[in-house]
Amino acid sequence: MLGRMTDGQSSAPGGASHNLSGLTTDLHGKLDYAGYLCLDRLLASQRPLSSPPHHDELLFIIQHQTTELWFKLVIHELLAALDHIRRDELEPTFKILARVKHIQSQLLDQWSVLATLTPTEYVQFRHVLGPASGVQSYQNRLIEFLMGNKDRRMLAVFSHKPEIHAQLTAALESPSLYDEFLRCLARRGHAVPAEILQRDVTVPHEPHPGVLAVFKGIYENVRSHWDAYEMAEKLIDIDESYSLWRYRHAKVVQRVIGFKRGTGGTSGVAYLRQLTDLVFFPELWEVRTHIQEHGSPAAGGA
């Protein structure tokens with residue numbers, strides 16, 4: 001009989017058995033799985049507002065709650081990466097940014113779950129959101145600021161929450177991941193222009209030919225600048241993944257609500273579309289066009 005226990009063993013499909021003689025069953029007064037993960041609070045945090053409850057509202061809530069959990073981890077990792085870069089420790093950031101890329105893959109795949117929500121289903125409970133919208137995700141805004149997409153106007157969205165507003169203001173006024181990387185390269189002797197090192201970090205970085213020249217030198221002399229080259233590639237990974245996530249976001253929104261305005265007051269799909277071409281690290285993309293091919297006349301070939 002499936003699941004019958006005999007002498008500390010349990011039977012399993014196919015005749016296999018698993019020895020459970022060491023299984024802890026007396027958990028009174030001890031930390032258990034649910035307690036460690038605070039599952040009582042976590043699983044009680046889904047509170048559909050539709051009345052009568054609509055079946056698909058739970059999907060909508062869990063989709064966005066899990067996204068916010070992944071955002072929390074991305075922020076945790078990016079802050080650690082920033083600390084390493086400030087100390088000129090590039091190698092430890094490689095694993096950190098690789099982890100961020102894998103988190104982004106999870107976020108990207110999640111859109112396929114929300115895409116199962118049809119327009120007919122969503123309109124039956126969309127009204128309960130009121131003005132609530134993903135554009136109000138302070139964690140997503142913090143990630144954008146840490147990555148370099150600074151926009152002081154967005155602080156107004158969080159003026160009703162002083163602690164969050166202060167956290168975002170601090171991120172806005174601090175060097176981004178790219179700013180810190182360029183400063184690190186300057187400390188290592190690369191000719192990063194002074195105006196870049198002294199720029200106003202509260203606005204997005206603008207492409208600069210001097211920065212492009214620095215990365216061209218790194219990419220054409222990989223063996224001499226391996227860690228800088230590897231760091232640049234890790235940054236491209238997360239930049240590309242972010243673009244793919246934004247694109248998928250726009251397509252899923254279009255699929256579910258068409259061209260309706262967003263609940264937070266944005267233009268909806270039109271707003272999301274304008275973000276899909278945004279890049280955090282422009283010279284890392286542009287340098288690919290300028291890297292000399294081996295054997296070309298400019299590279300010393302015949």
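A cavity, as counted here, is a set of grid points where a 1.4 Å probe fits but cannot get out. By this rule the predicted model holds one cavity of 30 Å³ or more.

## The cavity

The space in the largest cavity amounts to about 100 Å³. Its lining is drawn chiefly from helices: α3 (57-86), α4 (91-114), α6 (138-147) and α11 (226-257) are the elements that give two or more residues to it. Of these, α11 gives the most, with four residues. The lining comprises 13 residues, and those nearest the centre of the cavity are Val74, Gln104, Leu107, Ile143 and Tyr242. By class, the lining of the largest cavity has 10 nonpolar residues, three polar residues and no charged residues.

## The second largest pocket

An open site is also described, namely the second largest pocket, with a volume of about 350 Å³. Which residues line the second largest pocket? They are Leu42, Leu43, Ser45, Gln46, Ile62, Gln65, Thr66, Glu68, Leu69, Lys72 and Gln139. Helix α3 supplies the largest share of this lining, six residues. The lining of the second largest pocket divides into four nonpolar, five polar and two charged residues.

## The chain as a whole

The secondary structure of the protein chain consists of 13 helices and three strands. The chain is more spread out than a compact globule, because its radius of gyration is 25 Å, well over the 19 Å that the globule rule gives for 302 residues. Along the principal axes, the C-alpha atoms fill a box of roughly 75 × 55 × 40 Å.

Of the 302 residues in the protein chain, 40% are buried. The accessible surface comes to about 17300 Å², and carbon and sulfur atoms account for 56% of that surface. Contacts across the sequence can be described by their separation: among those between residues at least 6 apart, 66% join residues at least 24 apart.

## Helix α13 and its cover

Helix α13 spans residues 282-290, and Pro282, Glu283, Leu284 and Val287 are buried in this helix. The cover over the buried residues of α13 includes α8 (177-187), α10 (209-219) and α11. Helix α11 therefore has a part in this cover as well as in the lining of the largest cavity, where α11 gives four residues.

## Individual residues

The table gives the relative accessible area of each.

| Residue | Relative accessible area | Class |
|---|---|---|
| Val256 | 9% | buried |
| Leu146 | 9% | buried |
| Thr266 | 18% | buried |
| Glu89 | 29% | partly exposed |

Val256 is part of helix α11. Leaving aside residues up to four places away in sequence, Val256 touches Leu114, Leu117, Pro119 and Tyr122. The C-alpha atoms of Val256 and Ala115 are 7.2 Å apart, although the two residues are separated by 141 residues along the chain.

Leu146 belongs to helix α6. With residues up to four places away in sequence excluded, the contacts of Leu146 are Ile75, Leu78, Leu79, Leu82, Ser176 and Leu177.

Thr266 is placed in the loop between α11 and α12 (269-273). Is Thr266 buried or exposed? Thr266 counts as buried because its relative accessible area of 18% falls under the 20% limit. Beyond residues up to four places away in sequence, Thr266 touches Val135, Arg261 and Tyr271.

Glu89 lies in the loop between α3 and α4. At 29% relative accessible area, Glu89 is partly exposed, because that class covers values between 20% and 50%. Glu89 and Arg99 are 10 residues apart in sequence, and their C-alpha atoms are 17 Å apart in space.

Definitions and conventions
Residues numbered from 1 in each chain as written. Predicted model: local features only at pLDDT ≥ 70, side-chain atom pairs only at ≥ 80, totals over all residues. Heavy atoms only, no water. 1 Å grid on protein atoms, 1.4 Å probe; cavity = no way out; pocket = protein on both sides within 12 Å on 5 of 7 lines; lining within 4 Å. Points joined across faces, edges and corners; volume = space filled by probe spheres on them. Nonpolar A, V, L, I, M, F, W, Y, C, P; charged D, E, K, R; others polar. Buried < 20%, exposed > 50% of the residue type's maximum accessible area, 1.4 Å probe, protein only. Contact = heavy atoms within 4.5 Å. Rg over C-alpha atoms; globule rule 2.2 N^0.38 Å. Areas by Shrake-Rupley, 256 points an atom, 1.4 Å probe, with all protein chains shown as cover.
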